[in-house]
Amino acid sequence: MASNPPAACCATGFKHQGTPAGEVKNIDGVDTYITYPKDNKTPEKTVVFLTDIFGIFPNSQLLADEYAKNGYLTVVPDLFQGDRISPEDMDSGNVDFGAWLPKHQPANVDPVVEATVKYVRETLGVKKVAAVGYCFGAKYVTRFLKSNKVDVGFVAHPSFITHEELGAIQGPFSIAAAETDSIFTTQLRHESEETLAKTGQPWQINLFSGVAHGFAVRGDLNVKIQKWAKEQAFYQAIAWFSQYL
């Protein structure tokens, strides 16, 4: 296992403030948040944004808007088909992973990602596709970093990735990791380095001290180190895409 399954730390974090600039559309039966670069409705590059367990909610929408501001049409599919874990569940502590996770395995999630990639490539005519994944979503960036699927990938504090999935990537892969993370542990991070080195693909792991799992999408922006790390992880993704997309 390159990273452990989601755990209680996946259901903690802080809600961010702001008004999302994009809109939610139903694409082939899947609710999808779409946000465009300013003054460009026909971009040639897109970011497929694969979320944590909270799915399409303000934190992910606002972060998707930031990718759009940097020139990428960004699409955020509902990986959970209406069954995401809500922030209200998080706040109340009413999160039952044991009951929830079996309903959201690759057999359920892969078709959503597949349809989203097909939509941006064939319907929207996008030439280059990057994927970003936070926590839960990182597994599916890894699974879809294949020829004719996704061209380049970035993940933050990944969960549930197997060494087989990581070793099978066919494109550049970047990881933002947290110093404190019971899912992407120090040992698993080092094992992942060994696996990535064998792929022959460009790869990168940046380790951020002073932060924990979830920092890149659910960090407390009132805490200086968390705000800085979140922003730097985002810049890491943008720099990676500028280099390889």
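The entries below follow the order in which I looked things up.

**Entry 1: ground rules.** I am working from a predicted model, where local features need pLDDT of at least 70, side-chain atom pairs count only at pLDDT 80 or more, and totals for chains, interfaces and linings use all residues. I number residues from 1 along each chain as its sequence is written, and side-chain values use heavy atoms, with hydrogens and water left out.

**Entry 2: helices α1 and α9.** I began with helix α1, residues 58-69, and helix α9, residues 224-244. For the record, helices (H or I, at least four residues) and strands (E, at least two) are DSSP runs, numbered from the N terminus. How do the axes of α1 and α9 cross? They come within 11 Å and cross at roughly 40°; axes here are lines fitted to C-alpha atoms, for helices over the stretch in contact, and angles run from 0 to 180 degrees between N-to-C directions. I therefore wrote down α1 and α9 as oblique to each other. The scale I used calls angles under 35 degrees roughly parallel, over 145 roughly antiparallel, 65 to 115 roughly perpendicular and the rest oblique.

**Entry 3: a surface patch.** Next I looked for nonpolar side chains on the surface, and found V223, I225 and W228 forming a patch with about 250 Å² of accessible area together. Patches are made of residues with over 30% relative accessible area and no salt bridge, with like charges joined within 9 Å and nonpolar side chains (Val, Leu, Ile, Met, Phe, Trp, Tyr) within 5 Å. The areas come from the Shrake-Rupley method with a 1.4 Å probe, and for residues only the protein chains shown count as cover. W228 sits in helix α9 and is partly exposed at 45% relative accessibility. My cut-offs are buried under 20% relative accessible area, exposed over 50%, and partly exposed in between (1.4 Å probe, protein chains only).

**Entry 4: salt bridges.** Side chains of opposite charge can pair when their charged atoms come close. How many salt bridges does a search of the whole structure find? I got eleven, taking a salt bridge as a side-chain nitrogen of Lys or Arg within 4 Å of a carboxyl oxygen of Asp or Glu.

I followed up several, starting with K69 and E66, whose side chains meet at 3.1 Å, N to O. These two are three residues apart in helix α1, so about one helical turn separates them. K69 is exposed at 64% relative accessible area, while E66 is partly exposed at 29%.

I then checked K103 and D83, which form a salt bridge with the closest N and O atoms 3.4 Å apart. K103 is in the loop between α3 (97-100) and α4 (106-123) and D83 in the loop between β4 (73-77) and α2 (87-92), so the pair ties together parts 20 residues apart in sequence. Both ends are partly exposed: K103 has a relative accessible area of 46% and D83 has 26%.

R121 and D151 also pair, at 3.0 Å from N to O. D151 is partly exposed at 25% relative accessibility. I also noted one network, in which salt bridges that share partners join D110, K139, R143 and E165.

**Entry 5: positive phi.** Most residues other than glycine have a negative phi, and most peptide bonds are trans. I marked D28, with a positive phi of about 50°, in the loop between β1 (23-27) and β2 (30-35). C135 has a positive phi near 55° and lies in the loop between β5 (128-134) and α5. Which is buried and which exposed? D28 is exposed at 70% relative accessible area, whereas C135 is buried at 1%.

**Entry 6: buried residues and distances.** V30, in strand β2, is buried at 10% relative accessibility, and it is 85 residues from A115 in sequence and 9.0 Å from A115 in space. L73, in strand β4, is buried at 1%; L73 and T180 are 107 residues apart in sequence and 32 Å apart in space. F54, in the loop between β3 (45-50) and α1, is buried at 0%.
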